[in-house]
Amino acid sequence: MKFLLIEDNVELAQAVSTRLVLDGHVVDHAESFVDAIAFSDNGDYDLILLDIMLPDGDGRDFLAHHRAQKRDTPVIVLTARSQVSDRISVLDLGADDYVTKPFDHAELQARCRAVLRRKSGSAETVTRLGDVEFDPVAGQLSVAGEPLVLRNRELRLLELLINSPGKVFSKQKLFDRLFSYDDDASENAIEVYIARLRKHLDKSSLTITTLRGLGYRLDNE
Amino acid sequence: MRYILVLMLLFWAAQVQAVEWEDQQLFKGQSGARTLRVISSTDTAIFAPVIESFLQSNPSLDIDYKVAISADIYSEFRKNPDQYDVVVSSAMDLQLKLVNDGFAQPVEGLEHPAWAQWRRSLFGFTLESASIVINKAAFEHLSVPSSRQEMIEVMRANPDTFSGRIGTYDVRQSGLGYLFATQDARASETYWRLMEIMGSLRTRLYCCSGAMIDDLANGTLVISYNVLGSYASAREDVADKIEVILPSDFPNIMMRTALVASKTLNSGAATLFMRHLISSRWSNPDSENIPLPPLTTFQDNSQQSIIALNPGLMVFLDDMKRKTFIDEWESAIIQP
Amino acid sequence: MSKGQSKAGVAAGSLRNRLVITLIGVAAVLTLLFYFVIRAYAAQIALQSQDNILGASVTAMLDAAIIREGVVKVDLPYAAFSMLNTDSDDRVFYAIYENDSLLSGYTDLPLPQRESRMSSTYRSGTYLDVPIRQVTASRVLVGADTRTRITATVAQTQDSLSGTLQRIARNAALYGAGFFSLAVLLAIWAISSTIGPLKRLTESVARRGPQDLSPIVKPVPTEMVPLVSSLNQLMQRLDESFTQSEDFIAEAAHRVRTPLATVRSHAEITLQRVDKEENRQALRSMIRAIDESSRAAGQLLDHAMITFRANQLDYQPIDLVALAREFVRRLTPLADMKDIELRLSTDETVMVSGDAILIQNAVRNLIDNALKYSPSESAIVIRVYATPAPHLSITDEGAGFPDDEIGMLTGRFARGKNAAGTIGSGLGLTIAQDVAAAHGGTLSIGNTKEGGACVTFWF
């Protein structure tokens, strides 16, 4: 997906961009209100991440401008303010959701998905591999045309694997991506989810191969 | 020495005999312990029922009742104010002056009309009119005068009938007579014309009503003027011979008044007696013997004719004024 | 209405009482003055009346003096005495003198020492032991070759006058009392209407919401304008101070949290790149520490704000059901990450009166707790009902509260035994309990039959 990140703190912007790129997204970075306007007016983005406090103009003004332009690109606000009243007013002004800094990327992703889901469905997010269709935004999997119901973690595990077919993911890596940092589950919980996913993909052309000592790999036969 | 003694005797006699008592009577109560001394101008015969009815309800008292003419009562009481408890008199002016000069004490708590009392010390208890009294027989063929003007006319028309046979008070002697005469003179000029007519007809002068009524009854008089009508009406023995006429122009109505002496030592008993007098309990309209007309007699119309109890009454008691009046009266009524 | 009211002002005397006492005192003084003045004036007039009549009487007497045949005669008119008749039957004394010899009357009636020629002299004295008012006047009769001075004096007791004076005094007192009562009533009315603007100002300020620091614009009487101006200035300073504090806090939050966000992002990135187990653990540990500090800061700020707000709650009607629904919507993405189901079981609507911000804070903290302590693939049920009293309860399927610790868990920073290993300071329950108390409600903690925790917020 194509992100527009409007954040005046360069270091944070770099970190966030890198993290998003790691997941395979494209990120444009605007450092100021003026740049933000320029970028958003000319570019076509799937999602805008907006820091509410900008040096030359409140993020609120950008929101107002954005809505005035009648663009429907969803906006998620990055805010350091903890006042409930602040958050509420941000939503009133036209943001679709917000995360508080410092934020968990997994949470950010989850909110992005939720926000995008609410927009009129974009077909570009569907990934097809073999006879499996997977829409990470909508959170839907269909095998040979038959829709299946998966739990959230199962979906995220599949997303990881299906985006890089043939790549080996270690247990640790998978664990880090699926479980939050204060979760005290053991890494063996991954085995449980792999098993479940295998079951779902049983009838499909995809298989998950266990490589002992190395990890797991999704293959398309 | 003897000369002095005689003088002293004469002097003492003069003091003692200054007052001529017409009557003196001691009315004893059933168990009389105290004596109430009453000095009065009302004949005992007329006043007796009053006293007797009082003693019936107050048996522990005696009443020493002395009668004299009103002028004597005045001077006697003034001289010896501590010798009498109650003073009753028909001379309203003299009574009022006694009260004015401090010889009476107030009697509190008596309910009495304001016009019939003065300073809560002088209480009027009868209403009696100055009247014309005639010998009925003498007027058989004459029109009975009912006003002063009519008297003048009938006298003028029949001088022979009336000559020497008219009676009236000698105002020099009678306190009540003086009061009636002065009030009359004050009221209108007709009085003096009447006096002149009467004087020209050799009017007889009397000190008291009683004698006048007797002479009317026996024919010595045919008419008397300014007589106390109530006395005449009270005389049952001569009721068929005389007639009492209330003057129609304006009657002079006097109140018999009583006061309690300021120096009395029997103020309690005196108060009771005063209360009795005022209540007119002794005058029962239904009884045969009505001694004196009570205050309710002339209730309907004659309020103005009642001689008013106010300081004006003292005017004619002024020496100069009195002298002037008597001089005039004498020159009118006593003609050579 | 609010718990923890600020200190009421200390009263030193009362404006109303002071005004009342002053006005009534003034009215009393004026009434007394009025009484005495009226009494004196009326007495003077009454005395004047008596004097007038006495004067008329003596004049009538003098007018009746003539010289006839060389002899002085005074023909007393009846009216001279009858006009002296009074309601109290006052006694009358008189004397008439020709030059210095008594013609008639009371011999011992005292004459004034020096009479003025041709005009009447009035004096008060006693005669026969009673007080009298006496007038004396003279007239000169001119005869053929003589001039005779006729002096007449008339005196009268003053019973009627005293009766009149008593009546006057009584009436003056009555009128005075009447005026006084009227004055008191008017005073009370006047005071009420004067203090009215003060009361109205007080009411309008009291009626303001807890956050309302806008200036008072309602017109007030001139004398109150300086007070209102000072009040407005004070409120403006307060408002600025609050805004500054808020701005400061916001700024501080931003300054602190932005670098933290940078650190966390980098940590996450690095975690993707390292393989060594010890490096991984270190990085995970770093991230946990950042999360903990961030959460702690957030809760500390929340707690501070609640303590501040609890003194003047901004009471609004709030639909708890709508609030719960909004939370579920917002937190579902978070719950999904752990495959935790957020379920809502409610009445159609449950209205309560409360401070929206505080309640949201409390509920958010409670749900955060539930999310933290619930295992994956469990359910958190939020129930909102109006009976027996409006309440919101959150049940999870976690480990529940240790029975022996339930009492102390709401103490500040207390964390139970089962919280070992989970991030977060212990302020969550404290915050919720403080908010409940501020609303006059309670927070109850317990365990479900299955062992999970159940926290109920009662209004």
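A residue is called buried if 20 or more other C-beta atoms lie within 10 Å of its own, exposed if 12 or fewer do, and partly exposed in between, with C-beta atoms placed from the backbone. Helices are DSSP runs of H or I with at least four residues, numbered from the N terminus. The model is predicted, so that local features need pLDDT of at least 70 and side-chain atom pairs count only at pLDDT 80 or more, while totals for chains, interfaces and linings use all residues. Residues are numbered from 1 along each chain as its sequence is written, and chains are lettered from A in the order in which they are written.

**Exercise 1.** Determine which residues of helix 4 of chain B are buried.

Solution. Taking helix 4 of chain B, residues 92–100, one finds that eight of its nine residues are buried, so this helix is largely enclosed by the rest of the structure. The buried residues are M92(B), D93(B), L94(B), Q95(B), L96(B), L98(B), V99(B) and N100(B). Just after the helix, G102(B) takes a positive phi of about 90°.

**Exercise 2.** Find which residues touch the most other members of the largest nonpolar core.

Solution. A nonpolar core is a set of buried Ala, Val, Leu, Ile, Met, Phe, Trp, Tyr and Cys residues joined through C-beta atoms within 7 Å. Of the 117 residues in the largest such core, V86(B), V87(B), M92(B), L98(B), A258(B) and M274(B) touch the most other members. Helix 11 of chain B (residues 267–279) gives the most to this core, namely six residues. Next, take L98(B): with neighbours within four places in sequence left aside, its contacts (C-beta atoms, placed from the backbone, within 7 Å) are Y74(B), F77(B), V87(B), F103(B), A104(B) and L259(B).

**Exercise 3.** Describe how helix 6 and helix 7 of chain A pack.

Solution. Axes are lines fitted to C-alpha atoms over the stretch in contact, and angles run from 0 to 180 degrees between N-to-C directions. Helix 6 (residues 152–163) and helix 7 (residues 171–178) of chain A pack at about 130°, with their axes 10 Å apart. The two helices are therefore oblique to each other, given that angles under 35 degrees count as roughly parallel, over 145 as roughly antiparallel, 65 to 115 as roughly perpendicular and the rest as oblique. Finally, R153(A), R156(A), L157(A) and L160(A) in helix 6 of chain A meet L174(A), R177(A) and L178(A) in helix 7 of chain A.

**Exercise 4.** Identify which helix of chain C gives the largest share of the side that touches chain A.

Solution. Begin with the totals: 36 residues of chain C are in contact with 32 residues of chain A. Helix 4 of chain C supplies the largest share of the chain C side, 15 residues.

How values were computed: Contact = placed C-beta atoms within 7 Å.
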